[in-house]
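Please walk me through this model in the viewer, one selection at a time. For each stop, say what to select and what is there.

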Amino acid sequence: MNSVLVAEKTAQASVIARREEVASTRSLLNTAKLMDENQTLYKLKELEYLEKICGKVGEISVNGSAGILEQLGKMMGTVPKDYALQTNSNTVK
């Protein structure tokens with residue numbers, strides 16, 4: 001009798017675990033769809049990951065030849081091609 005109850009509880013726990021896996025997968029799919037449809041949301045998620053990475057890095061070295069944001073953007077591959085032109089045209093007046 002005791003082994004039957006243990007088997008039933010194990011089966012119930014297995015069903016619950018599978019439901020949680022399905023819910024987690026569904027949530028990931030919904031997040032991926034939203035990020036695919038919304039570039040701003042994608043960039044926010046990208047910055048969130050960058051923040052996590054930077055939290056684990058002791059230091060980040062940047063040189064004086066370009067702005068810090070531009071250098072970080074280059075590391076991430078998100079600096080627009082004409083960024084240097086925009087910043088130069090804004091500073092030269």
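A residue counts as buried under 20% relative accessible area, as exposed over 50%, and as partly exposed in between. The model is a predicted one.

**Stop 1: Leu47.** Select Leu47, which sits in helix α2. Its relative accessibility is 47%, so Leu47 is classed as partly exposed.

Stop 2: Which helix supplies the largest share of the patch? That is α2, with three residues.

**Stop 3: the two helices.** Now show residues 2-37, helix α1, and residues 39-56, helix α2. Two packed helices are described by the angle between their axes and the distance between those axes. Here the axes come within 5 Å and cross at roughly 115°. To see the contact itself, select Leu34, Met35 and Glu37 on α1, then Gln39, Leu41, Tyr42 and Lys45 on α2. Sorted by class, this contact consists of four nonpolar residues, one polar residue and two charged ones.

Stop 4: How many salt bridges does the model have? The count is three. Start with Arg18 and Glu21, whose side chains form a salt bridge with an N to O distance of 3.1 Å. Arg18 and Glu21 are three residues apart in helix α1, so about one helical turn separates them. Arg18 has 47% relative accessibility and is therefore partly exposed. Glu21, at 45%, is partly exposed as well.

**Stop 5: Lys43 and Glu46.** Move to helix α2, where Lys43 and Glu46 lie three residues apart, about one turn of the helix. They form a salt bridge, and the closest N and O atoms are 3.5 Å apart. Lys43 has a relative accessible area of 32%, which means that it is partly exposed.

**Stop 6: Lys45 and Glu48.** Lys45 forms a salt bridge with Glu48, and 3.4 Å separates the closest N and O atoms. Both residues belong to helix α2, three residues apart, about one turn of the helix. Is Lys45 buried or partly exposed? Lys45 is partly exposed, because its relative accessible area is 25%. Glu48, with 32% relative accessibility, also counts as partly exposed.

Definitions and conventions: Residues are numbered from 1 along each chain as its sequence is written. This is a predicted model: local features need pLDDT of at least 70, side-chain atom pairs count only at pLDDT 80 or more; totals for chains, interfaces and linings use all residues. Side-chain values use heavy atoms; hydrogens and water are left out. Axes are lines fitted to C-alpha atoms, for helices over the stretch in contact, and angles run from 0 to 180 degrees between N-to-C directions. Helices (H or I, at least four residues) and strands (E, at least two) are DSSP runs, numbered from the N terminus. Contact means heavy atoms within 4.5 Å. Ala, Val, Leu, Ile, Met, Phe, Trp, Tyr, Cys and Pro count as nonpolar, Asp, Glu, Lys and Arg as charged, and the others, Gly among them, as polar. Buried means under 20% relative accessible area, exposed over 50%, partly exposed in between (1.4 Å probe, protein chains only). A salt bridge is a side-chain nitrogen of Lys or Arg within 4 Å of a carboxyl oxygen of Asp or Glu.
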